[in-house]
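New page in the notebook.

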Amino acid sequence: MIVNGNQYKNAALDVVVLAGQSNAQGCGMGEVQNEYAPDARILMLKDTFNVRFEKNAEGKDYLLVQRPTDFVIERAEEAVSDGKKLGNIALSFARRYVQSGRLQEGRRLLIVNGTYGGTGFARNEWGVNGCLYLRLCDMLEELFALSVPRRIEAFLWHQGECDSFENAHLSPEDRYKKHLSDLSAQMNDFRKKYGEVPFVCGGFTDEWVEQNKPQCGAIIRAMQEYCQNAGNAAYVDTHGLPSNDKDTGNGDRLHFCRASLYALGEKYFQAYESLVKR
């Protein structure tokens, strides 16, 4: 259930889904210009349970997700780690959405945050039967149970770094086929439930691609092909967006820095707008 759901019964909300792993969750560090300022019109729905990786009886990692669980709606803000704010693509997307005039008077934008770092299709965290995908659908069903109109404006997806190194035995071609199949099945299921929602996804940091060219190339090709064929979908190129290491020198080459996530959210909005204007 949504613990403060009574406050949002029959609410006029523009719903945006944010899903995927760490670059969707937001691990970007560093300084930014035009820092995101919390806005009463921009809200976030999130899990109250401490989702986390644990070890099973065989010593293997698995993601502990509680279902059913409680969710909460709060004003959207950047996460904070060690006293420092972390970027998030959905926040700069939402800010542009509001600034563009797309959010009508009296309405609010709600980000449904289904992200968790280090996750993918490979271990069945995402995918039609994946624990995070099922939790995401739970979040939406609980929201729509409040008599919020059953409409989703956009699905923002950033995932694939995990699937570029899991299943090391896969050839690049097999990796590409598996990712395309998994992503297509998940989004086909989602669209059957919630309509032809505009879908936007993006690529990885330059350093991660350079270190894992065949694997990353396979995943990126799968995402691009999905977007070309699925309809109402767009892939965002991320070449040139600095990583945390490039910006702060902290050695983290996997994650986009905070300024890059701000820029990536803008790119996602531009891609989304190109879809809805067609």
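Is Arg221 buried, exposed or partly exposed? I looked it up, bearing in mind that this is a predicted model. Arg221 turns out to be partly exposed, at a relative accessible area of 36%.

Next I checked its partner. Arg221 forms a salt bridge with Glu173, at 2.8 Å from N to O. This pair ties together distant parts of the chain, with Glu173 in helix 4 and Arg221 in helix 6, 48 residues apart. Glu173 is partly exposed as well, at 36%.

Then I went along helix 6. It covers residues 213-230 and spans 25 Å from first C-alpha to last, close to the expected 26 Å. Its buried residues include Ile219, Ile220, Met223 and Tyr226. Among the elements covering them I noted helix 4 and strand 11. After the helix comes Gly231, with a positive phi near 85 degrees.

The contact includes Leu140 and Phe144 of helix 3 and Phe190 of helix 4. I sorted its residues into seven nonpolar, one polar and three charged.

Back to charged pairs: I found 22 salt bridges in the structure. One of them joins Glu74 and Lys46 at 3.0 Å, linking strand 5 to strand 2. Another pairs Arg151 with Glu153 at 2.7 Å. There Arg151 is exposed at 53%, whereas Glu153 is buried at 9%.

Note on methods:
Residues are numbered from 1 along each chain as its sequence is written. This is a predicted model: local features need pLDDT of at least 70, side-chain atom pairs count only at pLDDT 80 or more; totals for chains, interfaces and linings use all residues. Side-chain values use heavy atoms; hydrogens and water are left out. Helices (H or I, at least four residues) and strands (E, at least two) are DSSP runs, numbered from the N terminus. The expected span of a helix is 1.5 Å times one less than its number of residues. Buried means under 20% relative accessible area, exposed over 50%, partly exposed in between (1.4 Å probe, protein chains only). Contact means heavy atoms within 4.5 Å. Ala, Val, Leu, Ile, Met, Phe, Trp, Tyr, Cys and Pro count as nonpolar, Asp, Glu, Lys and Arg as charged, and the others, Gly among them, as polar. A salt bridge is a side-chain nitrogen of Lys or Arg within 4 Å of a carboxyl oxygen of Asp or Glu.
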